[in-house]
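Subject: Structure handover

Dear colleague,

Here is the structure we talked about, with sequence and coordinates. My notes on it follow below.

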Amino acid sequence: MAASLVFRLHDRGPELVREVLLERGWEEYDEGEREEEDWNLYWRGSAFRNSEYHNLLPWQRLNHHPKTAGITRKDCLARNLRRMKATFGSALYDFSPTAFILPNDYTRFLAEYNKLRLTRGPSVYWICKPVDLSRGRGIFIFEDIKDLVYDCSVIVQRYISNPLLISGYKFDLRIYVCVKSFHPLTVYIHQEGLVRFATEKYNLSSLHNLYAHLTNTSINKFGPFYKTEKERVGQGCKWTMSKFRHFLHSQDINELLLWQRINNIVTLTLLTIAPSVPSCPNCVELFGFDILIDNKFKPWLLEVNYSPALTLDCQADITVKKGLISDLIDLMNYTLTDSLRERAYQRQGYRQSCFHTNHPSHVSIPVPSKVKETKFRKRRSGSQSQTLLKTQNNHEKMNQRQSRQHAFVADYRGHLPPVDLNKLYAASGRIINTTATKTHTEKTLNLILGPHSRTNESVVNSQTCPARAPWLMDNRSLRMSEVTNHDDTETEAETELSGKTDVSSSIHDLPQRGLGFRNKLPNIYSGSQRPVRIPLGGTTAMNGQHIPPLRVGDFIRTFPFNSATLRASQHKLEVKIVIQALHKLTGQLATSDDKLRREEEEVRKNIDGEEDFDSLLWGPKDPPLLNQCFKPT
Ligand code: ADP
């Protein structure tokens, strides 16, 4: 008997997620039919409540990590990037146009404005954006400060006035980034993305013409040149990233360096919040990074979207977004968690409605479960008895939840890899050096893990391990406000997708897959959940540390990208070390001196033993291994 996986969509959307999951044999959650906890994936466009993180059961995943507003709100992003600039140098964090948060930074803005006027003359442009709006709403561009009028909190940013143009039109890139885990930081970027064009030719003498200066679909679809049949640039068309790659080939540039710079932007941006995001192993996040490329091929970060639009507006959308969601589901790997949910329900005598025969027809077995019975009784009773029943049911539900958790925990013990508590504490950011704390935490952990959890084996799969489940996290860490950049979703409520428990210890690297390959992947993470020991010449683990797969579908792992960054992210994230490694890598890609590159590569290998660590360079078609990028051509 195989159980179907169950997804839950908030506010009925997005349709694309429903479509992809149904195609893959999932079932949609139905409140009237299922118990409250009876789902594997909860997807919503807006933020989850703290309680939803705290009450997560091991088989449940959410499509948002807590506390990511630090990069998805325009003002928070500006503030965080400024902080990083101050700490690590403006040369490194120079990928975001200088920004001021008004009204607070008005004096500073004025000083900068006057300084640039004096040194550069009037040809400096600014863009003003309301901090809590998205999809181009409320944005305007100005040259003269007298045109700056605002009545809400805004950011004023240097306008990149020399964008790279294609056929005279401005465009930006939508890059899809999946943070599979913040602890340890594990990042994937999708090979496909979108290129979004303005619908009127770029012209600095008409700053008010938003159809020439903004690339949001939601703005341009109201432009006079927007067409539903978008054959050409200028009609509101979007390109896939593959098409953009063709365009890049026709340009005489160091393409690898451009891609690596975009990689850097993603990593450096995530580093601004990674240490402060609470550990929530059952979550993933799909961010939409908006990148503008200027006419010197320098990429700029415009913003990070919390809920990238999943509406299908044209063929490019269909090609890109469907594959994206499908790959995201693969990246989450539900094989293990599915069986956990099934088992926990069985323990409780539930015969849940999601059980099916193995047969592809997926016929439900119509067994009246405790759950259904309760709901049935509820519907039948009168209003007075309904209130009473409701209270009873609430108690019942609470008891059920608790006993299910305990049943699950008891059952789960037998499936856990041995745990090194010190690593566990360190990984979860808990204090490890006071006896009291340790004893207390050990008790809690033992409740969850069982007695054998104290054995001192080295590898902890921090994401699979329920000891780091959300209910053990520091409550304080989950307080958050997630008013963020929802994307340019045109019509439906924006929604996103989902959480995960990294079954990383059982993950094997995938063979590379061509861009055109769109079939459903086989079960890519099959195998035991035991930590995989380093196979000779293998890529799954090194020095006892797990290496996430380098590629899942068209998702390319971009972090960690070598052994130094793997080590620097295993416990407390060592931001400085990560930044050094990035710096070094970019330097190697940038240098044109082959001899120097080879020498540096030798040194790097000797120091880091990195020849064992395969990583791909996200961006180019058929992404090469990073190591190969350093080889002379
Ligand atoms: P929103 O969340 O409202 O979409 P963005 O920051 O993404 O806000 O800006 C909308 C559009 O405006 C971008 O897609 C881009 O075309 C343009 N834009 C934004 N900031 C800049 C900038 N600093 N320089 C040039 N163009 C910009």
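Buried is used here for a relative accessible area under 20%, exposed for over 50%, and partly exposed for values in between, with a 1.4 Å probe and protein chains only. The model is predicted: local features need pLDDT of at least 70, side-chain atom pairs count only at pLDDT 80 or more, and totals for chains, interfaces and linings use all residues. Residues are numbered from 1 along each chain as its sequence is written, and side-chain values use heavy atoms, with hydrogens and water left out.

Salt bridges

A salt bridge is a side-chain nitrogen of Lys or Arg within 4 Å of a carboxyl oxygen of Asp or Glu. In general, side chains of opposite charge can pair when their charged atoms come close. The count by this rule is 23 salt bridges.

One of them joins D317 to K238, with 3.0 Å between the closest N and O atoms. D317 belongs to helix α10 (residues 315-332) and K238 to strand β14, so the pair ties together parts that are 79 residues apart in sequence. Helices (H or I, at least four residues) and strands (E, at least two) are DSSP runs, numbered from the N terminus. D317 counts as buried, at 0% relative accessibility, and K238 counts as buried too, at 10%.

In two other pairs the partners fall into separate accessibility classes. R49 and E52 meet through their side chains in a salt bridge (3.9 Å, N to O); R49 is exposed, with a relative accessible area of 52%, whereas E52 is buried at 15%. R108 and D105 form a salt bridge as well (3.7 Å, N to O). Here R108 is partly exposed at 41%, and D105 is buried at 10%.

There is also a network of salt bridges, which links D172, R174, R196 and D290.

Strands around β9

Strand β9 (residues 154-158) is mostly covered, as 4 of its 5 residues are buried. Two strands count as paired if DSSP finds at least two bridges between them. Strand β6 (residues 99-102) runs antiparallel to β9 and is joined to it by 4 bridges. Strand β7 (residues 126-130) is also antiparallel to β9, with 5 bridges.

Helices α9 and α17

How do the axes of helix α9 (residues 255-273) and helix α17 (residues 575-590) cross? They come within 10 Å and cross at roughly 170°. Axes are lines fitted to C-alpha atoms, for helices over the stretch in contact, and angles run from 0 to 180 degrees between N-to-C directions. Angles under 35 degrees count as roughly parallel, over 145 as roughly antiparallel, 65 to 115 as roughly perpendicular and the rest as oblique; α9 and α17 are therefore roughly antiparallel.

Contact means heavy atoms within 4.5 Å. On the α9 side the contact residues are L256, L257, Q260, N264, T267, L268 and L271, and they meet V575, V578, I579, L582, L585, T586, L589 and A590 in α17. These residues divide into 11 nonpolar, 4 polar and no charged (Ala, Val, Leu, Ile, Met, Phe, Trp, Tyr, Cys and Pro count as nonpolar, Asp, Glu, Lys and Arg as charged, and the others, Gly among them, as polar).

A loop residue

F225 sits in the loop between α7 (217-220) and β14 (238-240). F225 is partly exposed, with a relative accessible area of 44%.

Regards
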